[in-house]
Amino acid sequence: MNASPSRQSLWSQWSEDIKCVFDRDPAARNTFEILLTYPGVHALLVNRLTHRLWQAEFFGLARFLAFLCRTISNVDIHPGATIGHRLFIDHGAGVVIGETAVIGDDVTLYHGVTLGGTTWNKEKRHPTLGNSVLVGAGAKILGNITLGDSVRVGANSVVVKDVPACCTVIGIPGRIIQRKGLKIKLDNGIDLDHHLVPDPVGKAISCLIERIDKLEAAQKNFAVKPDESCERCEADDVCKSQSEPAILEKAVG
């Protein structure tokens with residue numbers, strides 16, 4: 001990750017946070033509208049201030065300002081969280097970012113995202129997100145895990161394990177369903193096409209249907225009628241030496 005944003009001036013941070021909205025939200029028309037109507041931006045701008053207060057050990061004041069902002073914006077960002085450049089929280093509603101969370105540059109979070117912990121111990125207990133990560137609506141990323149650069153997390157997924165760079169994760173618990181051998185290269189470094197993911201359940205069902213079709217075809221083509229000249233056929237109706245299970249095993253196996 002790049003150098004801590006706290007080394008920038010507060011004004012410079014705010015300017016970056018506002019400008020990045022135009023790159024990732026086609027509905028944004030002007031700066032005045034963003035400042036007036038974007039709760040995710042409100043929460044982030046306040047967090048830039050509260051994080052500095054937290055680092056200066058004004059813990060009570062930082063938490064109080066964060067609480068007021070949460071009441072207004074419905075976005076809960078702990079002042080202790082480390083947030084990189086140009087974070088964009090789209091819609092904002094219900095986003096929670098824990099105290100020890102670390103977020104890289106150019107990250108995009110949709111509404112309902114939780115970067116939460118899985119322990120009560122006073123240690124690193126929240127996730128670390130690399131650069132250009134995109135997290136879909138309602139997704140939960142829990143525990144001291146790391147998501148590499150350019151990772152995409154599908155909506156409503158629950159991720160509890162590390163994810164390498166340039167992968168797509170969906171499901172509960174989250175599973176890697178797509179890997180990219182090369183780093184995603186876009187003009188702004190952000191891959192917003194998080195809806196273009198394969199369907200592992202549909203693929204599994206298709207494989208089962210294909211297997212059933214093969215078994216039915218084998219049964220139809222290789223089933224044998226009783227041989228009147230075979231004494232066993234007369235006794236058992238079907239010759240055991242040419243029974244359907246034996247024939248299917250040879251045909252399919």
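Predicted model: local features only at pLDDT ≥ 70, side-chain atom pairs only at ≥ 80, totals over all residues.
Does Asp106 count as buried or exposed, and at what relative accessibility?

**View 1. Asp106 and its side-chain partner Arg86.** Asp106 belongs to the loop that runs between strand 5 (102–103) and strand 6 (108–109). Its relative accessibility is 15%, so Asp106 counts as buried; the cut-off for that class is under 20%. The side chain of Asp106 is joined to the side chain of Arg86 by a polar contact of 2.6 Å. Arg86 is located in another part of the chain, in the loop between strand 2 (82–83) and strand 3 (88–89). With a relative accessibility of 24%, Arg86 counts as partly exposed.

**View 2. Positive phi values at Arg86 and His91.** Arg86 is not a glycine, although its phi is positive, at about 60°. His91, likewise a residue other than glycine, has a positive phi near 70°. His91 is placed in the loop between strand 3 and strand 4 (96–97). Its relative accessibility is 52%, and His91 therefore counts as exposed.

**View 3. The packing of helix 1 against helix 3.** Two packed helices are described by the angle between their axes and the distance between the axes. For helix 1 (residues 10–24) and helix 3 (residues 39–55), the axes come within 10 Å and cross at roughly 160°. The two helices are therefore roughly antiparallel to each other, since angles over 145 degrees fall in that class. The crossing of helix 1 past helix 3 is right-handed. On the side of helix 1, the contact is formed by Leu10, Gln13, Trp14, Asp17, Ile18 and Val21. Helix 3 contributes Val41, Leu44, Leu45, Arg48, Leu49 and Arg52. By class, the residues of this contact comprise 8 nonpolar, 1 polar and 3 charged.

**View 4. The packing of helix 3 against helix 4.** The axes of helix 3 and helix 4 (residues 59–73) are 9 Å apart, and the helices pack at an angle of about 175°. This angle makes helix 3 roughly antiparallel to helix 4. From helix 3, the residues that meet helix 4 are Pro39, His42, Ala43, Val46, Leu49, Thr50, Leu53 and Trp54. Their counterparts in helix 4 are Phe59, Leu61, Ala62, Arg63, Leu65, Ala66, Cys69 and Ser73. The contact of helix 3 with helix 4 divides into 12 nonpolar, 3 polar and 1 charged residues. Leu49 of helix 3 takes part in the contact with helix 1 and also in the contact with helix 4.

**View 5. The surroundings of Ser157.** Ser157 occupies the loop between strand 12 (152–153) and strand 13 (158–159). The residue is buried, with a relative accessible area of 1%. Leaving aside residues up to four places away in sequence, Ser157 touches Gly138, Ala139, Lys140, Val169, Ile170 and Gly171. A polar atom of the Ser157 side chain lies 3.1 Å from the backbone nitrogen of Gly171. Ser157 and Arg175 are separated by 18 residues in sequence, while their C-alpha atoms are 8.9 Å apart in space.

**View 6. The cis peptide bond between Ile172 and Pro173.** Ile172 and Pro173 are joined by a cis peptide bond, with omega about -5°. Pro173 is in the loop between strand 14 (167–170) and strand 15 (175–179).

Notes. Residues numbered from 1 in each chain as written. Heavy atoms only, no water. Axes fitted to C-alpha atoms, helices over the stretch in contact; angles between N-to-C directions. Helix = DSSP H or I, 4+ residues; strand = E, 2+ residues; numbered from the N terminus. Parallel < 35°, antiparallel > 145°, perpendicular 65-115°, else oblique. Left-handed = near helix turned anticlockwise from the far one by under 90°. Contact = heavy atoms within 4.5 Å. Nonpolar A, V, L, I, M, F, W, Y, C, P; charged D, E, K, R; others polar. Buried < 20%, exposed > 50% of the residue type's maximum accessible area, 1.4 Å probe, protein only. Polar contact = N/O pair within 3.5 Å; in protein donor to acceptor, adjacent residues only side chain to side chain.
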